[in-house]
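Hello,

Here is the structure I promised to pass on. Please open it first, then read my notes below.

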There are 2 protein chains.
Amino acid sequence: MITLTEENYIKAIYHLGKQGSNNVSTNAIAKEMETKASSVTDMVKKLSEKGYADYKKYQGVNLTGKGRQVAIGIVRKHRLWEVFLVEKLSFSWDEVHEVAEQLEHIKSEKLIRQLDAFLNFPTHDPHGDPIPDEMGEIKKVEKILLSEVAIGEQCICVGVNDSSSEFLKYLDNNNIALGTAFVILHKEPFDNSVSIKIESKEFIISNMIANNLFVKLS
Amino acid sequence: MITLTEENYIKAIYHLGKQGSNNVSTNAIAKEMETKASSVTDMVKKLSEKGYADYKKYQGVNLTGKGRQVAIGIVRKHRLWEVFLVEKLSFSWDEVHEVAEQLEHIKSEKLIRQLDAFLNFPTHDPHGDPIPDEMGEIKKVEKILLSEVAIGEQCICVGVNDSSSEFLKYLDNNNIALGTAFVILHKEPFDNSVSIKIESKEFIISNMIANNLFVKLS
DNA sequence: AATGATTTTTAGATTAATCTAAAAATATAT
DNA sequence: ATATATTTTTAGATTAATCTAAAAATCATT
Ligand SMILES: [Mn+2]
Ligand SMILES: [Mn+2]
Ligand SMILES: [Mn+2]
Ligand SMILES: [Mn+2]
């Protein structure tokens, strides 16, 4: 039996472990989970005892196969629910995360299998993140940051790096969504801002924005 | 802030309070929640302090207006989710309860409002129980037990009294569902069994079955 | 390699929810 | 009305998850 809290720690370790591929530090987990390092130490010991993680004092943690499986299951549920909320219940992409954080802990194999079918086996969530399939397989999406695209290239928005409500609302206000096509007109060396064209309209976006938009070349 | 456990106690008090209209006893709650009476005593004290219940030592508990509001909100969510599972995710009526027990605790006003709309504002759940509306209003359904219908009367199944998986499966096996029309042919005084006709087919059902089927005369 | 800064762990408390066993109150039956 | 049975409450422990403050280990810098 696995508790909701354990699930959240496992998910945090999973997400942090994907960035840097080395061991995940106690402090990093504490920051991610908005808790204290001492609480993290206690929990990673427990996760280790239960076989979800490998942990050695002062060396950080890593998920075991079993732990990774749990993490991917939670991510799958989270993203499927996000699709449900947007596609079926008219949520906007900046409103789904909080609710999905709760729904991802509902335990029922059948529920998630049927939800998947009901949604027509979506491959990506509303933010462009891939949805693991029933076997835990994750289709690697090849995407690059908009800030890395060369001048003159055409590309299509396929995801966001930051999915905070604030950023997503900014994108809404500027008519940028998944599927939006850009042409890179100019890159300003001074502040690294980028001039882009969307449907014949020209824009200038800051480096910060360009660093949080994933695109694929087209 | 209200915890999941508090919600479950409030729901139990609500359901028990509807049967006998007097105070709900500690033991009754303990039985319903599969816990010990001493745990119940602690919790009803807490609920009382938080303003969800009125409690006097040795006298049992009652929900306050605030507590009843919470209870009805949970019942609404539970039943809406049951409709969702049956109508959209092809669950059968004997499979939904366990999952709805989890889903009823998800906190999001918008979620439940949108779910309600998505399901076309259903008035009853898959077991014939009424779904409270957004204001907490519950349409009183007039229904009687099949065992109380007089010989010769025609009636339609509108609900179940026992919604255990075993009973619901029995009904499935015997082609009895919400909407099924019966005619009462005979009531056997010896064992209180009832002879009924469903679409020209004759059946004998035990008193126990007849006591767990709600019908309305037609 | 020593020192100082940072990170991590330990020790000890706290809160929520539960339990067992014993005590107190209430209900029932003669 | 008294004794007996049942119900309910209290007292004290336990488990999960958290925290603060102090100790220990590791890292970084000279
Ligand atoms: Mn999310
Ligand atoms: Mn997402
Ligand atoms: Mn139910
Ligand atoms: Mn129901």
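Predicted model: local features only at pLDDT ≥ 70, side-chain atom pairs only at ≥ 80, totals over all residues.

S195(A) is buried, with a relative accessible area of 15%. S195(A) sits in strand β6 of chain A, residues 194-198. Leaving out residues up to four places away in sequence, S195(A) touches V183(A), I184(A), L185(A), H186(A), F203(A) and I204(A).

Now chain A as a whole. The chain has eight helices and eight strands. The C-alpha trace of chain A spans about 60 × 40 × 25 Å along its principal axes. Chain A has 218 residues, and 43% of them count as buried. Take the contacts in chain A between residues at least 6 apart in sequence: 61% of these join residues at least 24 apart.

Q69(A) makes a contrast with S195(A). Is Q69(A) buried or exposed? Q69(A) is exposed, at 63% relative accessible area, whereas S195(A) is buried. The cut-offs are under 20% for buried and over 50% for exposed. Q69(A) belongs to helix α4 of chain A. From Q69(A) to Y58(A) is 11 residues in sequence, and 25 Å in space from C-alpha to C-alpha.

Next, the metal sites, starting with chain A. Which residues hold the manganese ion (ligand 2)? Its protein donors are E82(A) through OE, D125(A) through OD and H127(A) through ND1, at 2.1 to 2.3 Å. Along the chain these donors follow the spacing E-x42-D-x1-H. E82(A) is in helix α4 of chain A, and H127(A) is in the loop between α6 and β3 (144-145) of chain A. The pair thus links parts of the chain that are 45 residues apart. E82(A) is buried, with a relative accessible area of 1%. H127(A) is buried too, at 3%.

Chain B has its own pair of ions. The manganese ion (ligand 4) is coordinated by E82(B) (OE), D125(B) (OD) and H127(B) (ND1), at 2.1 to 2.3 Å. The donor spacing for the manganese ion (ligand 4) is E-x42-D-x1-H. Why does the pair E82(B) and D125(B) tie together parts that are 43 residues apart in sequence? E82(B) lies in helix α4 (residues 65-87) of chain B, while D125(B) lies in the loop between α6 (109-118) and β3 (144-145) of chain B, so the pair joins those two parts. E82(B) is buried at 1% relative accessible area. D125(B) also counts as buried, at 4%.

The manganese ion (ligand 3) has H78(B) (NE2), E82(B) (OE) and H97(B) (ND1) as its coordinating residues, at 2.0 to 2.1 Å. In sequence these donors are spaced H-x3-E-x14-H. E82(B) bridges the manganese ion (ligand 3) and the manganese ion (ligand 4), with 3.5 Å between the two ions. H78(B) in helix α4 of chain B and H97(B) in helix α5 (residues 96-103) of chain B are 19 residues apart, and the pair links these distant parts of the chain. H78(B) is buried, with a relative accessible area of 8%. H97(B) counts as partly exposed, at 39%.

Last, the interface. Two salt bridges run between chain A and chain B. One of them joins the side chains of E95(A) and K110(B), at 3.0 Å from N to O.

Best wishes

Terms used: Residues numbered from 1 in each chain as written. Chains lettered and ligands numbered in written order. Heavy atoms only, no water. Donors = N, O, S within 2.8 Å, 3.2 Å for Na, K, Ca; no water. Helix = DSSP H or I, 4+ residues; strand = E, 2+ residues; numbered from the N terminus. Buried < 20%, exposed > 50% of the residue type's maximum accessible area, 1.4 Å probe, protein only. Salt bridge = Lys/Arg side-chain N within 4 Å of Asp/Glu carboxyl O. Contact = heavy atoms within 4.5 Å.
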